[in-house]
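Subject: Structure handover

Hello,

Here is the structure for you to look through. My notes on what was found follow below it.

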Amino acid sequence: MLRRSLLTGSSGLLALVSCGAGGESEHEPARDRPRPWSQPARPVQVPALPQGHRLELLGGLELDGGAIGFGGFSGLHLDDDLRLTAVSDLARWMSARLVLREDGRPAGLADLRTGRLRDGAGKQLSRGYAGDAEGLARLPDGSWLVAFERWHRLRAFRGLNGPGAYVEAPPGLDRAPFNGGVEALAVLADGALLLVTEAMQGGADPRLRRAWLGGPGAWKPVFYRAAEGFDPADAAALPDGGALILERRFSLFGGFGGRVVRLAAAQLRGTPPATVLEGEEILSLSSPLPTENYEAVSVARHRGRTLLAVLADDNENMLQRSLLLLFACAGA
């Protein structure tokens, strides 16, 4: 989560990417929407990437926080049937079907569902310390895993509209900086979890972040090396056993920047403790692409292509957008 807001607003931007070759069954109806007649997302003009780029930019959508009822999206999952699910750092969740045109370009969102995240007793989590959801992943049994920041913990939800039970967190996560806990969360192809903190440093190298592989009872401490000036923001599993890490940066003079890094499957399988994970950049989220506070990434397999989706957190600031970009990836 990045809190730089000076003003509040309701629009946000979501971006999707397709990478070549790879629903929620329980939903609450949308509620608390100031403009229920509005469309939840509209297409936006985006530039083509230069020839020779590894990704094909299919298009973008701008999410309407007024129609959805909230913004602040920080975790994303896109399934192979194009059901899009996201959590917000405002203790909320939303789910909708991503609609594509015949040429594969995003046209909008349909069948919108929203709700509030809950604790183990089914009580609604309050926004702020208790409800700062930052990461979202689908577990092999179809349930959901959500990582929370500030109060650093993991919760598992059979359905996002139901109670969320505690999941054993990695030892030492409770010592993460208040606003620098787990943001990057993914369930790898073999079922192992990958967790990377935003700002929990791991030694003398300021680019190293504390991370873990494995799961409850078998957490393995590792490190992730981010680029200079960047912080990990999210993660997504690849069908081949690898993973993507979304990194972002912000400066008062340079504004927002981001990049997507690929970790090879060989780095994640049989990794000994204290290994430093470092990947290859496959996408720079900088000009000519629209620059936003990209905070969530997901990968899906649809009609023979691997799709990569990137979503921006608008911080409920009228100067920012919730932007979704969709890419097709070759060889990722």
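Of the 332 residues in the protein chain, 59% are buried, where buried means under 20% relative accessible area, exposed means over 50%, and partly exposed lies in between (1.4 Å probe, protein chains only). The accessible surface of the chain comes to about 12900 Å², and 51% of that belongs to carbon and sulfur atoms; these areas come from the Shrake-Rupley method with a 1.4 Å probe, and for residues only the protein chains shown count as cover.

This is a predicted model, in which local features need pLDDT of at least 70 and side-chain atom pairs count only at pLDDT 80 or more, while totals for chains, interfaces and linings use all residues. Residues are numbered from 1 along each chain as its sequence is written, and side-chain values use heavy atoms, with hydrogens and water left out.

Confidence

The score pLDDT is the predictor's confidence in each residue, from 0 to 100. The protein chain averages 89, and 88% of the residues score at least 70. Where pLDDT is low, the predicted coordinates should not be read in detail.

Fold and cores

The protein chain has two helices and 23 strands. Both are DSSP runs numbered from the N terminus: helices are H or I with at least four residues, strands E with at least two.

A nonpolar core is a set of buried Ala, Val, Leu, Ile, Met, Phe, Trp, Tyr and Cys residues joined through side-chain atoms within 4.5 Å. The largest one has 26 residues, and Leu 63, Phe 73, Met 94, Leu 98 and Leu 109 touch the most other members. Among the elements that give two or more residues to this core are strand S3 (55-64), strand S4 (73-78), strand S6 (92-100) and strand S7 (106-116). Another core, of 24 residues, lies apart from it and includes Val 44, Val 260, Leu 283 and Tyr 294.

What does Phe 73 contact, leaving aside its neighbours within four places in sequence? Its contacts (heavy atoms within 4.5 Å) include Leu 63, Ile 68, Met 94, Glu 295 and Leu 311.

Salt bridges

The structure holds 20 salt bridges, each a side-chain nitrogen of Lys or Arg within 4 Å of a carboxyl oxygen of Asp or Glu.

Glu 198 and Arg 248 meet in one of them, at 2.9 Å from N to O. This pair links strand S13 (residues 193-201), which holds Glu 198, to strand S17 (residues 243-251), which holds Arg 248, 50 residues apart. Both residues are buried. Glu 198 and Arg 248 also belong to a network of salt bridges with Glu 183 and Glu 295.

Arg 127 and Glu 316 form another bridge, at 3.8 Å from N to O. Here the partners are 189 residues apart, with Arg 127 in the loop between S7 and strand S8 (133-138) and Glu 316 in the loop between S22 and S23. Arg 127 counts as exposed because its relative accessibility is 57%.

Surface patch

Tyr 129, Trp 151, Tyr 166 and Phe 178 form a nonpolar patch on the surface, with about 470 Å² of accessible area together. Patches are made of residues with over 30% relative accessible area and no salt bridge; like charges are joined within 9 Å, and nonpolar side chains (Val, Leu, Ile, Met, Phe, Trp, Tyr) within 5 Å. Tyr 166 sits in strand S11 (residues 164-167) and, at 52% relative accessibility, counts as exposed.

Regards
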